[in-house]
Amino acid sequence: MDFAASFALIVPELILTVSGLALLMVAAWGGDKSGRFIAIAAVTAFFAAGFMLVPGLHFGTDGPETYAFGGLMQVDTFALFAKAMIYLAAIACLMVAPAFFNSAAAGTERGMRAEYPVLILFAALGMSIMVSANDFMTLYLGLELNSLASYVLAAILRRDARSAEAGLKYFVLGALASGILLYGMSLLYGFTGGTDFATVRAGLSGELATGALFGLIFVMAGLAFKIAAVPFHMWTPDVYEGAPTPVTAFFATAPKVAAVALTARVVIEVFGGQVLAWQQIVMFTALASIIFGALGAIGQENLKRLLAYSSINNVGFILLGLAVAEQAGISAMLVYLFIYVAMSIGAFVALLMLRGDDGALYETFADIRGLSVTKPAIAWCLLITMFSLAGIPPLLGFYGKFVIFQATVEAGLIAFGAIAIAASVIGAFYYIKFVKVMFFDEPANLVTGKSGGAHWVLLLLTAAIISPLGYLLTPSITDLADKAAAALFLAV
């Protein structure tokens, strides 16, 4: 085992690890007074780690030289593409956090919490390990590192009842899902004799034993919880509503990317020889998530809960690409995932800008009545975001759904795609409700507070990405997605 080559492959993870440990000491000695400095340092660390991904993304990385530590990790183009989205999402969530923690929305716990950026760093480190995992032990290590940091993030406002409830629910249900996943991994180990992906895949070739089938199902169930797919979505609305809004934005983006990428790697690299065993599970989960996410959002008045159901709905579309079980489907899935991250960041940044003069945040439909009169720029950016989430042309969200449906139809899953298209129409109802309330209702005159420069930069940037201008990025994003999908299938 060449340790020098292995460490060279995981330089981004080493940067996050060293930064996290160093900033943890700064937080311990400096307290919350050092919170802003730690946030800036964490953003710098993410930029440095992201910069290390550029050569691999530009030239493409695959083959035996991508394996680190005797095959425990695989740092291929697929992993690099996922890490880039994770780091960008983490940077965005760090940029908007100080204004939230310094506002009335943080209650009696005002001030940037020193541990918040450190937890984001360690959560992102766990995600980096997840997407590069080539062994179930590595997978579980990364997943639990991410999960433990996420549980604390959800309950970071200790004196806020909603935040504490969100953290507790996330912890209890997350522990259950981790147990289910671990049990499935133990079954696969028992029936195949190994934990590395290649050994498990070889052990699952031929006729699938009943015990191994149960192991596959348990692993899929555990991963479905992590991506908030139906029927393992029950934690999502409560956690999204109760957690602080910057944390909710983080949950909706970075961990979603990591969990989807991990699921794709396990399904293709480990279960790829048994497509019929898992394809039906993914197809059911995809359609159920699309339908339930759309129907569940219709009656919501809280905007964060509505976006939670929207997240479930979008996971269904992402899983459509995975259900194709071909390189074109994975490429379409990655393109949609990139667009989804941009749309989600824009939506949650807009929610963070719905504040009064006292800094209190507003997060219901009643609060944003007539927003086009009091805050027209925010209203128009929200309109673009919601129409893009609905998949209305010519916004970039339409392109994301188009490439997914194209891959589905080309794979011969025409009836499957038709049902998904019909179900997507349902979701347009609650997205259009935003427009109706903001532009046609009498102004509530509640959202009158000023927002910081970081919020405006992120809001305008994401609005530009998902506007028709975003189509200028599609050749580059599609090329990267094709390279990433090819690397994933090359490993099989």
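## Helix α5 against helix α12

In this predicted model, helix α5 (residues 77–101) and helix α12 (residues 245–270) have axes that come within 8 Å and cross at roughly 170°. Because angles over 145 degrees count as roughly antiparallel, α5 is roughly antiparallel to α12.

Sorted by class, the contact of α5 with α12 holds 19 nonpolar, two polar and one charged residues.

## Helix α5 against helix α21

Helix α5 also packs with helix α21 (residues 474–490), at an angle of about 135° and with the axes 7 Å apart. That angle makes α5 oblique to α21.

Here T77, F78 and F81 of α5 meet L480, A481, K483, A484, A487 and L488 of α21. The class count for this contact is seven nonpolar, one polar and one charged.

## How confident is the prediction?

The protein chain has an average pLDDT of 87, and 98% of the residues score at least 70. Among the elements of the chain, helix α6 (residues 115–131) has the highest mean pLDDT, 93, while helix α4 (residues 54–59) has the lowest, 81.

A friendly reminder for reading any such model: where pLDDT is low, the predicted coordinates should not be read in detail.

Note on methods. Residues numbered from 1 in each chain as written. Predicted model: local features only at pLDDT ≥ 70, side-chain atom pairs only at ≥ 80, totals over all residues. Heavy atoms only, no water. Axes fitted to C-alpha atoms, helices over the stretch in contact; angles between N-to-C directions. Helix = DSSP H or I, 4+ residues; strand = E, 2+ residues; numbered from the N terminus. Parallel < 35°, antiparallel > 145°, perpendicular 65-115°, else oblique. Nonpolar A, V, L, I, M, F, W, Y, C, P; charged D, E, K, R; others polar. pLDDT = per-residue confidence, 0-100. Contact = heavy atoms within 4.5 Å.
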